[in-house]
Amino acid sequence: MKMEIKSWLTGNALYSAEADIKELLTSAIKAGVNLSRADLHGANLRGADLRDTGLHGANLRGANLREADLHGANLHEANLRE
């Protein structure tokens, strides 16, 4: 199934691929995609490797970040509610 990571600000696709959300995010990170302002609300990111990822202003509202590695991630102005 083709999935997209979109900007919550513009609605434009930041990255897309045939993958589940964790694989999509991992692939985007490896490709060096700028994920600032990414709309990841409600995403199941349990156990995801988000080390040193630029998630400035990202919408992570309701996302499952349990056991995710956020060491060094830029979460400035990110929405982490719920």
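The radius of gyration is taken here over C-alpha atoms, and the globule rule is 2.2 Å times the number of residues to the power 0.38. The model is predicted: local features need pLDDT of at least 70, side-chain atom pairs count only at pLDDT 80 or more, and totals for chains, interfaces and linings use all residues. Residues are numbered from 1 along each chain as its sequence is written, and side-chain values use heavy atoms, without hydrogens and water.

**Exercise 1.** Compare the radius of gyration of the protein chain with the value for a compact globule.

*Solution.* Begin with the rule: for 82 residues, a compact globule would have a radius of gyration near 12 Å. Next, take the value of the protein chain, 11 Å, which agrees. Finally, consider the extent along the principal axes: the C-alpha atoms fill a box of roughly 25 × 25 × 25 Å.

**Exercise 2.** State the order of the elements in the protein chain and locate L35.

*Solution.* Helices (H or I, at least four residues) and strands (E, at least two) are DSSP runs, numbered from the N terminus. The protein chain has 1 helix and 3 strands, in the order β-β-α-β from the N terminus on. L35 lies in the loop between α1 (21–30) and β3 (38–39).

**Exercise 3.** Determine whether L35 is buried or exposed, and list its contacts beyond four places in sequence.

*Solution.* Buried means under 20% relative accessible area, exposed over 50%, and partly exposed in between (1.4 Å probe, protein chains only). L35 has a relative accessible area of 1%, so L35 is buried. With contact meaning heavy atoms within 4.5 Å, L35 touches I5, L25, A28, I29, T53, G54, L55 and A58, its neighbours within four places in sequence being left aside.
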